[in-house]
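This briefing goes through one protein model by topic. Keep the structure open while reading.

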Amino acid sequence: MASFFRRKPPADRKDTATSRGYSIEELAAAFPGAPAEAAPPQASEAPPAPAPQADVPVASESPATPAPELQPAPAAAAPTPAPEAAAPAAPAAPPPVPTPEPPPLPVPSAPAPPPAAEPLAPTAPPPAPEGRSGWRERLRGSAFARSLGGLFSRNPRLDDDLLDEIETALLMADVGVAATTSLVDSMRRRMKAREFADAHALLAALRGELVALLRPVAQPLAIDAAARPFVILTVGVNGVGKTTTIGKLARRYRDEGRSMMLAAGDTFRAAAVAQLQAWGERNGVAVIAQGQDADPASVAFDALQAARARGTEVLIADTAGRLHTQQGLMAELGKIRRVLGKIDPDAPHEVLMVVDGTTGQNAISQLRQFHAAVRVTGLVVTKLDGTAKGGVVFALAREFGIPIRYAGIGERPEDLRVFDAEAFVDALLPESLGP
Ligand SMILES: Nc1nc2c(ncn2[C@@H]2O[C@H](COP(=O)(O)OP(=O)(O)OP(=O)(O)O)[C@@H](O)[C@H]2O)c(=O)[nH]1
Ligand SMILES: [Mg+2]
């Protein structure tokens, strides 16, 4: 059945391919080594992943598809014999897949490639230092840090004017009206109760309340070992950092020794598939793809079957960016979710929405719409480095209470941090603000 989701680019997405530099030519220019490496030497000997469609009842919504392109990365396949070669699968026509599952993929053991090999702009700065100093270095320039930091470093008097200035600074930093009002009201009450000896005592109290706002949502993503594969579906509007975040997660989970697979569910642009494949190759992680214009639900379906057959621990599916106001495209996410659920009723186990930290209050309506369409279970807030305001994190926490799993503080794989409420507030509002 030809999917009715196979679509022409809607008019309002026309610019996405060109505005952010992901044309094939640009990708080729950005990763000059990619084409050579992308031709896997073992491609002809390793058959594509089994597409055991026969063992899963496929309802009419489940797309009938060609076999997916499985692209085991050279790094993963090099050290050990390709698992496919050892598997008892018939080499020619694929009969219904035998019930015994092939052995799990060996954990890629190749050493991490040098940073220069990452699919990044050549100008990307080196990774942030580890620990809190990395957070501080990257968030120092945020509007939040600058306005509130500047305010306290002037050694202000403890009075109503200070509270007004704090209120303005919080609003300007995208903390949002509701969260700002409750924070400032609380500060005012405590000030009237003479709880603070000076402005620095007030600053310490403000830090405490900001941390208290975030602590309930600072819940790291736990990979449930009973779910095999543990399926993560990434969603979000255009250009927020979904694919980059998947690349960073692939590196992280690979380093933790987990077997991984990626699904190139952004079939809107050929460059999007190539971008994910580049991350897969660099990290020794297999990528399931069907190419441009394929039905994303079909890609997800095939990937989950392949990951299941191989006993892969974590499957991460990419999706095309979409505006939260595009009803048809939002419904497509629901379809991906339902199709995954046909193979594993609990899949996806995590719907990870990626939010651009520079978006401001618009992030609230984005999350509301995505949550309604696909039940978001975790957030990644990206681009908190540089000029991000950062305050939207507080607004999201207060409004939804959805766990914030990770924070992006740069473009390097190391720059995806488990969200840490204390480190984040410490970076935005250091304890010792001095002139
Ligand atoms: N500075 C910075 N840049 C980031 C971060 N995360 C992603 N980016 C950059 O944001 C840009 C867009 O990233 P992508 O991963 O392609 O975004 P996407 O959501 O997959 O985009 P679409 O697939 O078009 O919707 C790239 O240039 C990334 O390098 C981050 O945490 N900090
Ligand atoms: Mg993408």
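**Loop residues with positive phi**

Asp-174 sits in the loop that links helix 8 and helix 9. The model is a predicted one. In it, Asp-174 has a phi near 75 degrees, a positive value in a residue that is not glycine. Asp-174 counts as buried because it has 28 C-beta neighbours inside 10 Å, where 20 or more are required.

- Asn-155 is another non-glycine residue with a positive phi, of about 55 degrees.
- The loop that holds Asn-155 runs between helix 7 and helix 8.
- Asn-155 is exposed, because 12 other C-beta atoms lie within 10 Å and the limit for an exposed residue is 12 or fewer.
- Most residues other than glycine have a negative phi.

- Helix 7 spans residues 143–153 and helix 8 spans residues 160–172; their axes come within 9 Å and cross at roughly 170 degrees.
- Helix 7 is therefore roughly antiparallel to helix 8, since angles over 145 degrees count as such.
- From helix 7, the contact uses Ala-143, Ser-147, Leu-148 and Leu-151. From helix 8, it uses Glu-165, Ile-166, Ala-169 and Met-172.
- By type, the residues of this contact are six nonpolar, one polar and one charged.
- Val-184 is part of helix 9 and touches Leu-163, Ile-166 and Glu-167, leaving aside residues up to four places away in sequence.
- Between Val-184 and Leu-163 there are 6.7 Å from C-alpha to C-alpha, at a sequence distance of 21 residues.
- Val-184 counts as partly exposed because it has 19 C-beta neighbours inside 10 Å.

- The peptide bond from Arg-228 to Pro-229 is cis, and its omega is near 5 degrees.
- Pro-229 is placed in the loop between helix 10 and strand 2 (230–235).
- Ala-347 and Pro-348 are also joined by a cis peptide bond, with omega about -5 degrees.
- Pro-348 belongs to the loop between helix 14 (327–343) and strand 6 (350–356).
- The two prolines, Pro-348 and Pro-229, are 119 residues apart along the chain, and their C-alpha atoms are separated by 9.6 Å.
- Pro-348 is buried because it has 26 C-beta neighbours inside 10 Å.
- Most peptide bonds are trans.

**Surroundings of ligand 1**

- Ligand 1 is surrounded by 22 residues, of which Gly-241, Thr-243, Thr-244, Gly-321 and Gly-408 are the closest.
- The shell around ligand 1 consists of four nonpolar, 12 polar and six charged residues.
- Helix 11 (residues 242–255) contributes the most to this shell, with three residues.

**Helix 16**

- Helix 16 (residues 392–400) is mostly covered, with seven of its nine residues buried.
- The buried residues of helix 16 are Val-392, Val-393, Phe-394, Ala-395, Leu-396, Ala-397 and Arg-398.
- These buried residues pack against four helices, namely helix 9 (177–192), helix 10 (199–214), helix 15 (362–374) and helix 17 (421–428). They also pack against strand 7 (378–382) and strand 8 (404–408).
- Gly-401 follows helix 16 and has a positive phi, near 65 degrees.

**Nonpolar core**

- In the largest nonpolar core there are 107 residues, and Leu-262, Ala-300 and Ala-303 have the most contacts inside it.
- Helix 13 (residues 296–310) supplies the largest share of this core, eight residues.
- Ala-300 touches Ala-263, Gly-265, Ala-317, Ile-336, Val-339 and Leu-340, residues up to four places away in sequence not being counted.
- In soluble globular proteins, nonpolar side chains tend to be buried together.

**Whole protein**

- The protein contains 17 helices and nine strands.
- It has 435 residues, and 46% of them count as buried.
- Among contacts in the protein with a separation of 6 or more, 80% are between residues 24 or more positions apart.

Note on methods. Residues numbered from 1 in each chain as written. Chains lettered and ligands numbered in written order. Predicted model: local features only at pLDDT ≥ 70, side-chain atom pairs only at ≥ 80, totals over all residues. Axes fitted to C-alpha atoms, helices over the stretch in contact; angles between N-to-C directions. Helix = DSSP H or I, 4+ residues; strand = E, 2+ residues; numbered from the N terminus. Parallel < 35°, antiparallel > 145°, perpendicular 65-115°, else oblique. Contact = placed C-beta atoms within 7 Å. Nonpolar A, V, L, I, M, F, W, Y, C, P; charged D, E, K, R; others polar. Near = placed C-beta within 6 Å. Core = buried A, V, L, I, M, F, W, Y, C linked by C-beta atoms within 7 Å.
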